Amino acid sequence: MNWHSRYLQQAAWTRDLRVYLFEQAELADAHHVLEVGCGTGAILRELTPPACHGLDLEPASLAECRIHAPAVSLTCGDAHFLPYPDKYFDIAYCHFLLLWVNDPLQVVCEMARVSRSVLALAEPDYSQRVDKPDALVTLGRWQTESLRRQGADPSFGGRLAEIFHQAGIKLVETGPIQGQEVMRTAEDWENEWAVIQADLEGIAPGEEIQQMKRLDEAARRRGVRALHVPTYFAWGKT
Ligand SMILES: C[S@@+](CC[C@H](N)C(=O)[O-])C[C@H]1O[C@@H](n2cnc3c(N)ncnc32)[C@H](O)[C@@H]1O
């Protein structure tokens, strides 16, 4: 699995929202900016503030991030215990992180402690996933189960605003992201299916997965495929 390609694809889904939210949070005037759970740097590589920081648990992801975002200061660490002083950052943000952590409230509290603005750019709620035609609903159920087995909370997105509130953050704006998951090219589709096939190993028999792939392809060709995973953002001040 090429994780950087996957993260670039997800970053493309949220680009418009990110541009808007970073503008609202005055990224252009920020000095210190932190991405918590920065992965391979799919988003950090686009940023230009004087001091950008990234933190992640995975040394391998950070090694890749160093290539894609060479000017960024990187730290290997746990989002539950951020190794920075109070209010050190102007902006701390995360992107597809909180569904993966053991205690999202603690992580958001830590982000609020170290920063004046906190942005969670994308957190999905797979419990509200919509698949059409109906024959593809099973695929959605398998993927949700796979996320759960990998340690994620697949329905976390629906709790995002409440978690910000509990962390004492004054919410400025929150809601669902519009227009994500647009697969424009055949390459996007193949990338998506590479992820699906890797995720579903051990969840469903290979032949049934192939059958879903064929159904998905046929539905897309006929223009009747719908796939929607409500994905939420929140931003606020501390
Ligand atoms: C889905 S990836 C998203 C990466 C990046 N934010 C992006 O959107 O391209 C989630 C990242 O969070 C990291 N992560 C998960 N739990 C973490 C924790 N407790 N502390 C720090 N990083 C964590 C993972 O290692 C992974 O790189």
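Start at the ligand. 21 residues surround the ligand, and the closest are Y7, G37, G39, A42 and A79. To count as near, a residue needs its C-beta atom, placed from the backbone, within 6 Å of the molecule. Two elements give two or more residues to this shell: helix 1 (3-13) and strand 2 (51-56). Helix 1 gives the most, with three residues. Helices here are DSSP runs of H or I, at least four residues, and strands are runs of E, at least two, numbered from the N terminus. By class, the shell has twelve nonpolar, six polar and three charged residues. Nonpolar means Ala, Val, Leu, Ile, Met, Phe, Trp, Tyr, Cys and Pro; charged means Asp, Glu, Lys and Arg; the others, Gly among them, are polar.

A word on the source. This is a predicted model: local features need pLDDT of at least 70, side-chain atom pairs count only at pLDDT 80 or more, and totals for chains, interfaces and linings use all residues. Residues are numbered from 1 along each chain as its sequence is written.

Stay with helix 1 for a moment. R6 lies there. Is R6 buried or partly exposed? Partly exposed, because 18 other C-beta atoms lie within 10 Å. The cut-offs are 20 or more for buried, 12 or fewer for exposed, and partly exposed in between, with C-beta atoms placed from the backbone. Beyond four places in sequence, R6 touches M1, N191 and V195. Contact means C-beta atoms, placed from the backbone, within 7 Å.

Now the core. The largest nonpolar core has 55 residues. Such a core is a set of buried Ala, Val, Leu, Ile, Met, Phe, Trp, Tyr and Cys residues joined through C-beta atoms within 7 Å. V36 is among those with the most contacts inside it. Leaving out residues up to four places away, V36 touches L55, A79, A92, C94, L97, V107 and M111.

Last, helix 5. Helix 5 covers residues 137-149, 13 residues in total. From first C-alpha to last it reaches 19 Å, close to the expected 18 Å. That expectation is 1.5 Å times one less than the number of residues. Which residues of helix 5 are buried? L139, Q143 and S146. Just after helix 5, G151 takes a positive phi of about 105°.

Conventions: Two residues are in contact if their C-beta atoms, placed from the backbone, lie within 7 Å.
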